[in-house]
Amino acid sequence: VRIPYLNETFLNVISPCPTGWYYDGKDTIKIAKEAVLSCVWPLYEVENGEYKLNYKPRKKKIPVRDWLKQQGRFKHLFCEKNEHLIDEIQKQVDKKWDELLNLCGEKE
């Protein structure tokens, strides 16, 4: 049951973890920023069904590969037999980014 006078808010934030993600703790802010710059973690909001993009990389997005490479938790993706998975991840991120741009009325 939804109570009309209550405002509902949901925040989904990225919180890099040096211990679990296997990277140097001094790079925490860099890892979080590059998640946004690669569009792995886009910044947007939805209010009353309306999508609004809060940040769009000014230049070309950084490759997902660059973001993944910094984290030991993705080390397995960089062995020869798994390299194709990085390309698949990039395709999925690009697809989701395009969908988000459309929802926000920001077609490229």
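1. A salt bridge is taken here as a side-chain nitrogen of Lys or Arg within 4 Å of a carboxyl oxygen of Asp or Glu. By this rule R65 pairs with E83, with the closest N and O atoms 3.1 Å apart. R65 lies in helix α3 and E83 in helix α4, so the pair ties together parts that are 18 residues apart in sequence. Helices here are DSSP runs of H or I with at least four residues, strands are DSSP runs of E with at least two, and both are numbered from the N terminus.

2. The basis of these remarks is as follows. The model is predicted: local features need pLDDT of at least 70, side-chain atom pairs count only at pLDDT 80 or more, and totals for chains, interfaces and linings use all residues. Residues are numbered from 1 along each chain as its sequence is written, and side-chain values use heavy atoms, with hydrogens and water left out.

3. R65 has a relative accessibility of 29% and counts as partly exposed. E83 is likewise partly exposed, at 26% relative accessible area.

4. The count of salt bridges comes to 7. One of them joins the side chains of D24 and K26, with an N to O distance of 4.0 Å. D24 is partly exposed at 44% relative accessible area, whereas K26 is exposed at 66%. D24 and K26 also belong, with D27, to a network of salt bridges. In general terms, side chains of opposite charge can pair when their charged atoms come close.

5. E88 is partly exposed, with a relative accessible area of 39%, and K91 is exposed, with a relative accessibility of 52%.

6. Which residues does Q90 contact beyond its neighbours within four places in sequence? They are P63, V64 and R65, where contact means heavy atoms within 4.5 Å. Q90 lies in helix α4, which spans residues 83-103, and is buried at 19% relative accessible area. A polar atom of the Q90 side chain lies 2.8 Å from the backbone nitrogen of V64. For reference, a polar contact is a pair of N or O atoms within 3.5 Å; within protein, one must be able to donate a hydrogen and the other to accept it, and residues adjacent in sequence count only if both atoms are side-chain atoms.

7. N82 is placed in the loop between α3 and α4. N82 counts as buried, with a relative accessibility of 15%. A polar atom of the N82 side chain lies 2.9 Å from the backbone oxygen of H76. Not counting residues up to four places away in sequence, N82 touches H76 and L77.

8. Helix α2 covers residues 28-37, and its buried residues include I31, A32, E34, A35 and V36. Cover for the buried residues of α2 includes α1 (18-21) and α3 (64-69). The helix is followed by C39, whose phi is positive, near 70°.

9. How many disulfides does the structure hold? The number is 0, a disulfide being a pair of cysteine sulfur atoms within 2.5 Å. The closest cysteine sulfur to that of C39 is in C104, at 11 Å, too far for a bond. C104 is accordingly in no disulfide. C39 is buried at 4% relative accessible area, and C104 counts as buried at 14% relative accessibility.

10. A nonpolar surface patch of about 360 Å² is made by Y44, V46, Y51 and L103. Patches are made of residues with over 30% relative accessible area and no salt bridge; like charges are joined within 9 Å, and nonpolar side chains (Val, Leu, Ile, Met, Phe, Trp, Tyr) within 5 Å. Accessible areas come from the Shrake-Rupley method with a 1.4 Å probe, and for residues only the protein chains shown count as cover.

Key:
Buried < 20%, exposed > 50% of the residue type's maximum accessible area, 1.4 Å probe, protein only.
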